[in-house]
Amino acid sequence: MNYLSVENISKSYGERVLFQDISFGINKDQKVAFVAKNGTGKTSILNIIAGLDVPDSGQIVTRKDVSIAYLAQNDVLNPDLTIEETIFATDNIILSVINKYEKALKNLDDTEAYQNAFELMEQYNAWDFETQYTQILSKLKLDDLSLKISTLSGGQKKRLSLAIVLISKPDFLILDEPTNHLDLEMIEWLESFFAKEKITLFMVTHDRYFLERVCNEILELDEGKIYKYKGNYSYYLEKREERIQLEQVTTDKAKNLFKKELDWMRRQPKARTTKSKSRIDDFYQIKEKASQRRLDHKVQLEINMERLGSKVLELHKLFKSYGDKKILDGFDYIFKRGERIGIIGKNGTGKSSFLNIITQQNEVDGGKVVVGETVKFGYYTQSGINIKEGQKVIEVVKEFGEFIPLTKGRKISASQLLERFLFDKKKQYDFVEKLSGGEQKRLYLCAVLIQNPNFLILDEPTNDLDVVTLNVLENFLLDYPGNLLVVSHDRYFMDKIVDALFVFRGEGIVENFPGNYSDFRAYDSSDSDETIDEKPVEIVVEKTEKKVTKNTLTFNEKREFGALEVEIERLQKRKATIENQFLNVEIAADNISKKSEELQEIITTIEQKEERWFELSMKQED
């Protein structure tokens, strides 16, 4: 059943064409992700579909009997209402029934009102709905419903907007960056919610694990064209690469043909036959194809940053509280050169405050922060950059630096850095106020990077960035030789970039974990009942309800440990072989599904064996 048809829509702002003649459809039960670069009109398309904007041409056709809800990036909430009043202000009839019932509970003396409210709950079968409604609010940490909207943080408002659209139980839900301002626990709950709910989704998200686990189809807007991929994110990456390679082959053939036709054009006399004119028309089409080039850039830099000394950053017995809220409780850590550490934890546990303490923007209650003499911080904050009115893109970056020095006397200029982060030469001379929110974030990143820091601190750098830009940023950071400290709820990004984690547990407890996010989740889920030791470096492995005391390996365990190393290495090689076959398009189309299943099975086996290897290695270290 077709819920939505987008028919040949176009949108421009002045001379800037966002998209032209875009068409696609959404059917019942589809969970579709929409992928495109920042600034190409993703949010504009969502607003047009939701009826908040109109296209310059074309039309949107929706079924009349389909209820639609839209989670925008910036919802307008009435600041004078409470959370509860905001939720019940919607036109959902079941919510109004629940509201009457809850009011009746507060005034049980009015038995007639209570009886009427009870009968309405029965009539609309609202009991299960009330349970789910309460669970949604609880999972999104909206416990105090009496709070006024005017007192809420930006993150709380975003979670309230999400709660409202989930509670309304629409047939068709449109989401613009639903995971922004959610902590990791909330994101994982939302994944499982969408997995079990029969709801049709159309969403823009930069969270690639969320995209992988929730969506069953991907629409990509690339170079003004729509491409459809019937599968999850892994399938999309595979097929997109195949498409790009095929386009490159076609472009190369067009270039060769163009050279031949150009030679023929030069040799032609002025008077031409009808047949010649037809060939001339073909020539200009060939010329257009031959001139096409992809604007994606892969960053492969050998940055020649200022060398870090032996002392990088030392944190000695740090204590920090805000009133009764404890952020740090005697935290110790000495950073080594080149460490790449991620920071995770629930919202409100003090992650951003910790970064401000490190950069000495906030004072500690006790302890000492010692910064090495050679350390040059580059700090990307959530608040962004202050843009001067009338400032152009290139001018913003040049304020902070003209170039980044590379090895062997080479350098990358401010303009070249912007190009690598997908600002072409024309875009560099646009006024900053014309940029989309995601493009402004991308520009801010360039302004931080051009300063050539040797200790890079990033606070939620992936928010509002598109998938293409995230790949560019990841490639840059993989080449980055300095220290890296990053707060992010983007699990894919964290897995790819960091080697260790600071886990903010709340109440001042910070655990130091040696691994990436997926390693931590595997460990944490297996040890969910374990009491956390307040000493952050101490990690106790638990197999059953009783804690395993670390001691020397038995003879059989030593044999198992050695065999695991050999087996993991063999599986890694097999995994690499299959991945290379995908990359080089060596697998027949009818065999792709089988190979994908084999690859997933290998990855799962590796994770299980690495978890056991890690358990034994911890035991051996004692």
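## Where helix 4 meets helix 5

Phe-118, Met-121 and Glu-122 of helix 4 touch Ala-126, Trp-127 and Glu-130 of helix 5. By type, the residues of this contact split into four nonpolar, two charged and no polar. Keep in mind that you're looking at a predicted model.

As for geometry, helix 4 covers residues 111–123 and helix 5 covers residues 126–139. Their axes come within 6 Å and cross at roughly 90°. Angles of 65 to 115 degrees count as roughly perpendicular, so that's the label for helix 4 and helix 5.

Is Glu-439 buried or exposed? This residue of helix 14 (residues 437–449) has a relative accessible area of 3%. The cut-off for buried is under 20%, so Glu-439 counts as buried.

What does the side chain of Glu-439 pair up with? There's a polar contact with the side chain of Lys-427, at 3.1 Å. A polar atom of the Glu-439 side chain also sits 2.8 Å from the backbone nitrogen of Ser-436. Leaving aside residues up to four places away in sequence, Glu-439 touches Arg-16, Asn-38, Gly-39, Phe-423 and Lys-427.

## Helix 1 and what follows

Helix 1 runs over residues 42–49, and six of its eight residues are buried, so the rest of the structure largely encloses it. The buried ones are Lys-42, Ser-44, Ile-45, Leu-46, Ile-48 and Ile-49.

Just past the end of helix 1 comes Gly-51, which adopts a positive phi of about 85°.

How values were computed. Residues numbered from 1 in each chain as written. Predicted model: local features only at pLDDT ≥ 70, side-chain atom pairs only at ≥ 80, totals over all residues. Heavy atoms only, no water. Axes fitted to C-alpha atoms, helices over the stretch in contact; angles between N-to-C directions. Helix = DSSP H or I, 4+ residues; strand = E, 2+ residues; numbered from the N terminus. Parallel < 35°, antiparallel > 145°, perpendicular 65-115°, else oblique. Contact = heavy atoms within 4.5 Å. Nonpolar A, V, L, I, M, F, W, Y, C, P; charged D, E, K, R; others polar. Buried < 20%, exposed > 50% of the residue type's maximum accessible area, 1.4 Å probe, protein only. Polar contact = N/O pair within 3.5 Å; in protein donor to acceptor, adjacent residues only side chain to side chain.
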